[in-house]
Amino acid sequence: MLNKRLIAALIVKEGIVVQSIGFCRYLPVGRPEIAVEWLNNWGIDEIVLLDISATPQKRDPDYAMIERVSRKCFAPLTVGGGIHRVEHIRALLRHGADKIVVNTAAIKGPQLIQEASDVFGNQCVVVSLDVRYKAGRYEVCGNSGQDPTGKDPVSMAREAQRLGAGEIFLNSIDRDGFKEGYDLKLIRAVVEAVTIPVIACGGVGGPRHFLQGFVEGKATAVAAGNYFHFIQHSPIVAKAYLKKNGIDMRIDTYSQYDGFDFDEMGRICKRDDEYLNNLRFQYQPKEVI
Amino acid sequence: MISEQQLVKDYVLVVDYGVGNHLSVVNTLRFLGYRFRVSNRREDIEKAPSYILPGVGAFGEAVNNLKKLDLIGPLSEQVLGRKKPVLGICLGMQLFAQDSQEKGFHKGLGWIKGHIRALVPEDGIRVPHVGWNNIDVLKKDPLFTQVKDYPACYFDHSYYFDCREDAVAATCRYGEEIAAVVQKDNIVGVQFHPEKGQNNGLRLFRGYFNSINLKVTGYA
């Protein structure tokens with residue numbers, strides 16, 4: 001049985017991981033290799049690393065950073081930002097990426113999707129769509145949400161699939177950083193239009209929103225950026241919550257949070273005193289592989 | 001004078017044939033403390049004691065690259081003739097097949113009888129097959145000696161290896177039953193990505209390298 005995926009989207013601006021709000025305001029978090037190391041140890045299913053300053057600065061992807069990050073990453077690493085030619089993709093894969101994300105380049109020249117999937121296979125190419133809701137309709141925007149294209153996300157997702165994209169990474173600009181949950185209507189529309197996996201992103205404030213993404217949005221995988229930072233064991237807690245609510249999740253980490261209760265936001269509740277007291281006498285061996 | 005290369009026999013050669021995430025494999029080997037080399041030169045292949053064929057890519061491109069580098073002959077000779085152990089990952093495993101239908105028709109290495117066919121999307125089955133799927137282990141040796149039952153492994157593919165039942169060592173279910181691990185004597189191929197499989201992936205590599213008696217030489 002295929003487990004559902006929980007994905008961390010790390011937004012990297014000028015070499016540091018940031019929390020992003022509405023694609024325009026940013027809060028610094030720290031170095032990407034450290035964020036990746038923690039998320040990997042906490043059993044994240046996949047990491048999507050988006051370098052949002054590469055395209056505006058008109059530079060190539062930061063290969064040295066990807067190489068540093070990949071040393072700490074034993075989960076699948078998908079890299080985006082600054083990819084405009086097939087050579088960029090080849091170099092990224094050489095430097096430790098496992099899949100790549102294209103956004104601006106795919107909007108400007110869709111043949112890049114086709115070329116990339118011919119060389120590296122469909123499964124390697126993820127197409128990211130940043131969507132803004134404006135005047136009663138959805139619109140795909142390029143260049144970190146700054147250039148409106150006038151194109152409809154549903155038809156663009158279909159087009160991307162036809163050209164050979166392996167997955168759609170769907171992000172909502174209006175929801176980004178507002179902790180109000182996914183744009184479920186948008187996700188559902190895109191999921192129903194294509195037969196490739198769709199990753200929902202944008203707006204997660206707590207584990208409850210991941211559940212909505214799966215149940216109401218029908219997303220194949222759920223992603224969040226800001227949620228994962230500054231919360232202890234954030235991926236494990238979210239997975240335990242989802243598992244408790246009937247979603248198939250992979251929990252391979254040492255701490256599993258089974259037996260915990262969750263509040264209405266999906267945060268863990270304190271265990272009773274007796275359980276906590278007994279914890280002191282339990283032996284917690286460290287596994288050596 | 002004995003050169004370093006003659007002295008050092010405990011290493012694994014990661015074959016770099018142009019498509020593939022071989023740095024991910026190298027990171028894992030480094031983490032587990034094994035000595036390795038990355039090369040696509042004929043003479044390195046003749047000398048190496050064991051091989052890993054990594055792979056992220058399209059079948060046709062991979063076979064063309066192998067042809068261009070003139071590696072099919074030497075690899076087949078070492079693996080089939082001299083029975084050196086080889087581990088194929090994802091596309092590297094699919095290359096063992098006789099042929100593939102991925103974007104046209106391409107001939108493979110033909111080490112294990114079988115064909116590469118496309119997964120067909122249907123209701124609830126999205127293609128490519130991406131994510132952590134639990135696998136049914138049929139043969140525990142050599143890969144699964146260190147892992148618990150029914151482990152979750154990371155898959156990312158839109159084509160699968162359709163081969164005879166006796167070559168299948170593990171299966172997973174995605175619509176239909178597909179081969180997750182194929183093995184025949186010294187040839188082992190995995191459809192999933194153990195180098196991206198977190199702890200389970202590391203345990204799997206440890207089990208495999210123990211079985212081919214590769215020694216740990218130092219941790220990075």
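This is a predicted model: local features need pLDDT of at least 70, side-chain atom pairs count only at pLDDT 80 or more; totals for chains, interfaces and linings use all residues.
Figure 1. Laid along the principal axes, the C-alpha trace of chain A spans about 60 × 40 × 40 Å. Of the 289 residues here, 53% are buried.

Figure 2. Mean pLDDT for chain A comes out at 93, with 100% of the residues at 70 or more. Among the elements of chain A, helix α4 (residues 104–108) has the lowest mean, 89.

Figure 3. The largest nonpolar core takes in 163 residues. Ile47(A), Ile100(A), Ile168(A), Leu170(A) and Ile199(A) are the ones with the most contacts inside it. Strand β1 (residues 5–13) of chain A is the top contributor to this core, giving 7 residues. Zoom in on Ile47(A) and skip its neighbours within four places in sequence: the contacts that remain are Ala8(A), Leu10(A), Val36(A), Leu39(A), Cys73(A), Ala75(A), Leu77(A) and Thr78(A).

**Figure 4. Helix α8 of chain A, wrapped up by its surroundings.** Helix α8 (residues 207–215) of chain A has 7 of its 9 residues buried, so it is largely enclosed by the rest of the structure. The buried set is Pro207(A), Arg208(A), His209(A), Phe210(A), Leu211(A), Gly213(A) and Phe214(A). What do the buried residues of α8(A) pack against? Their partners are β1, α7 (184–193), β11, β12 (221–224) and α9 (234–244) of chain A.

**Figure 5. Glu14(A) in a loop.** Look for Glu14(A) in the loop between β1 and β2 (16–21) of chain A. Is Glu14(A) buried or partly exposed? It has 13 other C-beta atoms within 10 Å, so it counts as partly exposed; a buried residue would need 20 or more. Arg267(A) makes a handy reference point: Glu14(A) and Arg267(A) are 253 residues apart in sequence and 32 Å apart in space, C-alpha to C-alpha.

**Figure 6. Chain B as a whole.** Chain B is built from 7 helices and 13 strands. With 220 residues, a compact globule would come in near 17 Å for the radius of gyration, and chain B agrees at 17 Å. Its C-alpha atoms fill a box of roughly 65 × 40 × 30 Å along the principal axes. Buried residues account for 52% of the 220 residues in chain B. Of the contacts in chain B between residues at least 6 apart in sequence, 71% join residues at least 24 apart.

**Figure 7. A four-stranded open sheet in chain B.** Reading across this open sheet of 4 strands in chain B, the order is β6-β5-β7-β10, with mixed pairing. The edge positions go to β6 (106–107) and β10 (159–163) of chain B; each has a single partner strand, so one side of each is left without a neighbour in the sheet. Strand β5 (residues 99–100) and strand β7 (residues 114–118) of chain B run parallel and are joined by 2 bridges. Within that pairing, Ser100(B) has Ile116(B) of β7(B) as its bridge partner. Between β7(B) and β10(B) there are 5 bridges, and these two strands run antiparallel. Here Ala118(B) stands opposite Tyr159(B) in β10(B).

**Figure 8. Where chain B meets chain A.** This close-up covers the interface, in which 36 residues of chain B are in contact with 35 residues of chain A. On the chain B side, the elements that give two or more residues are α2 (22–32), β8 (129–137), β9 (152–157), β11 (168–174) and α7 (198–211). Which of chain B's elements has the largest share of the side that touches chain A? That's α7(B), with 7 residues. By type, the chain B residues touching chain A split into 13 nonpolar, 15 polar and 8 charged.

Conventions: Residues are numbered from 1 along each chain as its sequence is written. Chains are lettered from A and ligands numbered from 1 in the order in which they are written. Two residues are in contact if their C-beta atoms, placed from the backbone, lie within 7 Å. Ala, Val, Leu, Ile, Met, Phe, Trp, Tyr, Cys and Pro count as nonpolar, Asp, Glu, Lys and Arg as charged, and the others, Gly among them, as polar. pLDDT is the predictor's confidence in each residue, from 0 to 100. A nonpolar core is a set of buried Ala, Val, Leu, Ile, Met, Phe, Trp, Tyr and Cys residues joined through C-beta atoms within 7 Å. A residue is buried if 20 or more other C-beta atoms lie within 10 Å of its own, exposed if 12 or fewer, and partly exposed in between; C-beta atoms are placed from the backbone. Two strands pair if DSSP finds at least two bridges between them. The radius of gyration is taken over C-alpha atoms; the globule rule is 2.2 Å times the number of residues to the power 0.38.
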